[in-house]
Structure formats: C-alpha cells, structure tokens
Amino acid sequence: MLKETITKDFWICMAAEFLATFFFVFLTTGSAITWDPSRPPTTEHISLSFGLSISTLAMSILHISGGLINPAVSAAQTVTGKISPVRGAFYIIVQVIGGSANNNIVG
C-alpha cells in the first residue's frame with residue numbers, strides 16, 4: 001500500500017494539491033481584506049472571488065490529482081473508496097499545510 005508513495009506521479013499530485021490549496025486560501029482571504037474602510041468589499045465581491053478561485057484552481061489541477069483542494073473532499077473520496085487511504089491521508093496533510101502556509105506569509 002505504501003509503494004505508491006515512492007513514485008514521481010504521487011509527489012507531483014501532492015505538490016499540485018499543496019499549491020492549489022495555498023493559492024485558494026491566499027486569493028480568497030485577500031478578497032475579504034478591507035483596504036479602504038469607507039468601501040469594504042461586498043458579499044458579491046467575496047462570493048465571486050471564492051467561486052472563480054475554486055473553479056479555476058480545481059480545473060487547473062484536475063488532470064494531475066483530481067482537483068480536490070479541500071481536506072473534507074479528500075476525506076470523502078477516501079471513505080467512498082475513490083482514492084486509496086494512503087493517498088487520502090497525504091492529500092489531507094498537504095492541503096492543511098498549504099492552507100496554513102499563508103499564515104506565515106500574510107500574518
């Protein structure tokens with residue numbers, strides 16, 4: 001079961017999930033920042049940012065890793081047997097790290 005972790009394709013998938021999750025959190029949290037207190041971002045602006053970001057990033061890595069991006073989606077795919085438990089666990093780990101890496105850059 002752990003044999004898949006030694007393949008190049010496996011680590012390319014992990015890098016794709018990491019980067020997509022990183023950029024998703026980076027773009028969407030940036031859309032909610034108030035630059036000018038007299039003109040805060042609207043709900044429509046933030047919603048559009050989230051929708052376009054997730055769809056663009058998911059489609060960008062769909063052919064590489066499946067375009068999961070969200071640890072909850074990875075857990076669901078693992079439970080339903082669409083991906084192996086090892087791959088699911090690694091996806092969840094790299095997605096959490098990708099989302100958390102923004103805290104070190106922005107925060």
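Reader: Is R87 buried or exposed?
Author: Buried. This is a predicted model, and in it R87 has a relative accessible area of 15%. The cut-off for buried is under 20%, so R87 counts as buried.

Reader: Which residue forms a salt bridge with R87?
Author: That's E4. The closest N and O atoms are 3.3 Å apart.

Reader: And where do R87 and E4 lie in the chain?
Author: R87 lies in helix 4, residues 85-106. E4 is in the segment before helix 1, which covers 8-31.

Reader: How many salt bridges does the count come to?
Author: One.

Reader: OK, what about charges? How many positive and negative side chains?
Author: There are 5 positive and 5 negative ones. The centres of the two sets lie 11 Å apart.

Reader: Switching topic. How many helices and strands does the protein chain have?
Author: Four helices and zero strands. Along the sequence, the pattern reads α-α-α-α.

Reader: What box do the C-alpha atoms fill?
Author: Roughly 55 × 25 × 20 Å, along the principal axes.

Reader: Back to burial. What share of the residues counts as buried?
Author: 30% of the 107 residues.

Reader: Last one: what share of the contacts with a separation of 6 or more joins residues 24 or more positions apart?
Author: 64% of them.

Terms used
Residues are numbered from 1 along each chain as its sequence is written. This is a predicted model: local features need pLDDT of at least 70, side-chain atom pairs count only at pLDDT 80 or more; totals for chains, interfaces and linings use all residues. Side-chain values use heavy atoms; hydrogens and water are left out. Helices (H or I, at least four residues) and strands (E, at least two) are DSSP runs, numbered from the N terminus. Buried means under 20% relative accessible area, exposed over 50%, partly exposed in between (1.4 Å probe, protein chains only). Contact means heavy atoms within 4.5 Å. Lys and Arg count as positive and Asp and Glu as negative; His and the chain ends are not counted. The place of a charge is taken as NZ of Lys, CZ of Arg, CG of Asp or CD of Glu. A salt bridge is a side-chain nitrogen of Lys or Arg within 4 Å of a carboxyl oxygen of Asp or Glu.
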